Amino acid sequence: MKRILSSAEILVIVIIAMIPVFASFPYRINIFLSWEGAYRLYQGQVPYKDFGMPVGYMYWVIPAFFFKIFGPQLITLVKAQAFINILSGLAFRSIFRSLGVEPGIRFAAVLVFCLSYVFGNYWPWYNNTVIAYELIGLAFLMKYLFAAAESRWKYVYLVASGFFIFCSFFTKQDGGGLALLICLALLGYSALTEKKWLSLGIFIGAVLITGLAMILPVTGTFGYWFNHGQPPHSSRMSISDIIGDFLAASQWLKFYLFIIALLLLVAVKNWKQFWLNKQQMIFTLLTLGILAQAAIFQVTSYVPVDNNIFFHSFAFVFIISLLSLLLPIPFDSWKPVIVCAAGVLLWWSHTYWRYVQRFVLKGGESYTTMTHEGHTYANVVNRNTYMIGMDTTDISLNQWRVPNLKSFEKIMVPNPTADGIERLMNMDLVKNNKNLKVLNMSELTPLAAEIPYTLETGPEYPLWFHKGVGMFDKETNMFINRIQNKHYDLVLFEYIPYLNNFYPFKVREALQANYKKVDAFVAPRKPSTDAWVEVYVKP
């Protein structure tokens with residue numbers, strides 16, 4: 001049974017991670033950043049020398065490596081994320097193998113992890129990659145903590161843990177910093193109880209040496225990483241926001257903490273013995289650390305709203321493990337394992353039900369429609385039709401298509417967007433000029449490989465143009481000056497009026513004053529398409 005469940009865990013991890021590789025997708029909001037960062041590394045550009053950014057560059061390393069193998073297409077990012085998801089799943093599994101969790105419980109936990117966290121993350125994003133590196137670092141740390149004293153690999157595991165925890169920190173400061181604190185807490189407990197402090201020193205040394213190895217080659221404008229000298233910049237770390245989000249929302253986090261406290265109160269008969277039980281204490285500290293991280297991470301990394309959903313699987317495996325100590329549930333037999341797995345599939349059915357509806361239950365409702373004052377409505381009133389859609393800019397997915405460009409292979413955009421891209425590619429300026437100077441402040445970053453044009457470089461040149469996040473007043477003024485001096489032959493500017501300076505409005509004002517707008521088409525955004533890509537040329 002153990003061997004079958006072990007193989008089943010790996011099979012679940014690989015299958016769920018690989019499903020997206022064989023599908024086509026609508027263009028994903030913000031995926032432009034994943035593409036351009038990976039593309040710059042793919043071209044050999046050096047972070048903080050050829051471009052600046054307020055995060056570490058480890059986020060783009062794996063996608064850039066996949067660009068080298070498969071080419072710089074958007075779909076390659078999905079392949080890179082599948083690889084990241086497999087590593088994340090295997091690391092999660094390894095953590096609980098080291099903690100000695102029963103195979104039946106561990107299989108159910110892997111299922112929770114894959115359905116809740118992996119299944120929805122099919123595009124690379126730094127708020128996911130930071131957790132992936134953390135899980136790998138924690139997996140190596142667990143191997144160190146529970147390795148046999150005579151193991152020749154013991155300290156190799158510890159150094160590897162320090163390496164990946166810095167990779168996490170050098171992907172995004174908040175998640176990586178919290179991962180570092182969790183590891184220090186676990187090692188601190190181990191050192192305190194065993195009176196051996198060498199491991200703590202080796203781990204910290206591994207983190208620092210890894211940091212120096214990654215930072216020293218790219219020194220120069222490295223302060224950009226922490227936004228030094230980039231006013232106005234405000235910290236996302238707000239104690240009042242963290243407490244407010246926790247008390248006003250966070251129902252699952254509070255529920256898990258309540259259940260854990262209740263079960264510990266019943267399960268722990270002697271707290272001194274519990275403190276000295278290394279396996280139980282490490283398991284408890286890890287779970288509480290992950291829950292604390294999730295409470296903070298949801299505030300500091302708030303887009304998308306479920307960035308911290310990884311905590312469900314950790315809370316689940318801990319609670320079920322405690323219950324197995326208190327209740328006569330034989331998780332070494334098939335019946336409880338099957339019931340538990342079925343319960344998990346039911347619990348997380350919302351993650352896969354929409355795909356069942358889309359590909360299996362294709363029938364759906366059938367009714368005729370009518371029009372009143374420009375708005376279409378169904379001739380039947382029920383729970384699916386009682387609201388009339390008032391957004392006249394929304395474009396349903398059946399009106400999206402794949403542009404005839406290699407970089408957009410298997411990636412759909414709204415038909416008007418595809419039409420606009422075709423008009424752009426057919427412009428005489430684009431077809432007849434091989435040395436175009438282009439400013440592309442839009443989500444269509446793969447056009448750099450299609451027009452093509454050379455990406456601008458420089459230590460102060462921002463990787464992305466979101467004001468207050470990727471660029472600040474200094475960078476905004478730099479672009480305004482270049483526009484006033486007619487530096488660019490072609491400018492693409494994405495105007496998103498409902499987002500506060502996602503692309504700086506001052507840059508658009510400078511374009512309107514100094515350039516000629518020759519075209520505009522719908523931006524590839526869903527659900528709201530009330531945004532446009534504007535095409536400007538020199539007057």
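Contact here means heavy atoms within 4.5 Å, while axes are lines fitted to C-alpha atoms, for helices over the stretch in contact, with angles running from 0 to 180 degrees between N-to-C directions. Helices (H or I, at least four residues) and strands (E, at least two) are DSSP runs numbered from the N terminus. The model is predicted, so that local features need pLDDT of at least 70 and side-chain atom pairs count only at pLDDT 80 or more, whereas totals for chains, interfaces and linings use all residues. Residues are numbered from 1 along each chain as its sequence is written, and side-chain values use heavy atoms, with hydrogens and water left out.

- An open sheet of four strands has the order β6-β7-β9-β8 with mixed pairing, where two strands pair if DSSP finds at least two bridges between them.
- The edges are held by β6 (438–441) and β8 (516–522), each of which has a single partner strand, so one side of each is left without a neighbour in the sheet.
- On average, and with direction ignored, neighbouring strands of this sheet are turned by 20 degrees against each other.
- β6 runs parallel to strand β7 (residues 490–495), to which four bridges join it, and Leu 439 has Val 491 of β7 as its bridge partner.
- Helix α17 (residues 415–425) lies across β7, β8 and β9 (532–537), and runs at about 145 degrees to β8.

**Pairings of β5**

- Strand β5 (residues 411–414) pairs with strand β1 (residues 25–26) in the parallel sense over two bridges, and Ile 411 in β5 is the bridge partner of Phe 25.
- Strand β4 (residues 400–401) pairs with β5 in the antiparallel sense, also over two bridges, with Trp 400 standing opposite Pro 414 in β5.

**Packing of α4 and α14**

- The axes of helix α4 (residues 74–98) and helix α14 (residues 311–326) come within 12 Å and cross at roughly 25 degrees; the two helices are therefore roughly parallel to each other, a term used for angles under 35 degrees.
- Phe 92, Ile 95 and Phe 96 of α4 make the contact with Ser 313, Phe 314 and Val 317 of α14.

**Cysteines**

- The structure holds zero disulfides, a disulfide being a pair of cysteine sulfur atoms within 2.5 Å.
- Cys 167 is in no disulfide, and the nearest cysteine sulfur, that of Cys 183, is 12 Å away; at 1% relative accessibility, Cys 167 counts as buried, meaning under 20% relative accessible area (1.4 Å probe, protein chains only).
- Cys 340 is likewise in no disulfide, the nearest cysteine sulfur being that of Cys 114, 14 Å away, and Cys 340 is buried with a relative accessible area of 14%.

How values were computed
Buried < 20%, exposed > 50% of the residue type's maximum accessible area, 1.4 Å probe, protein only. Parallel < 35°, antiparallel > 145°, perpendicular 65-115°, else oblique.
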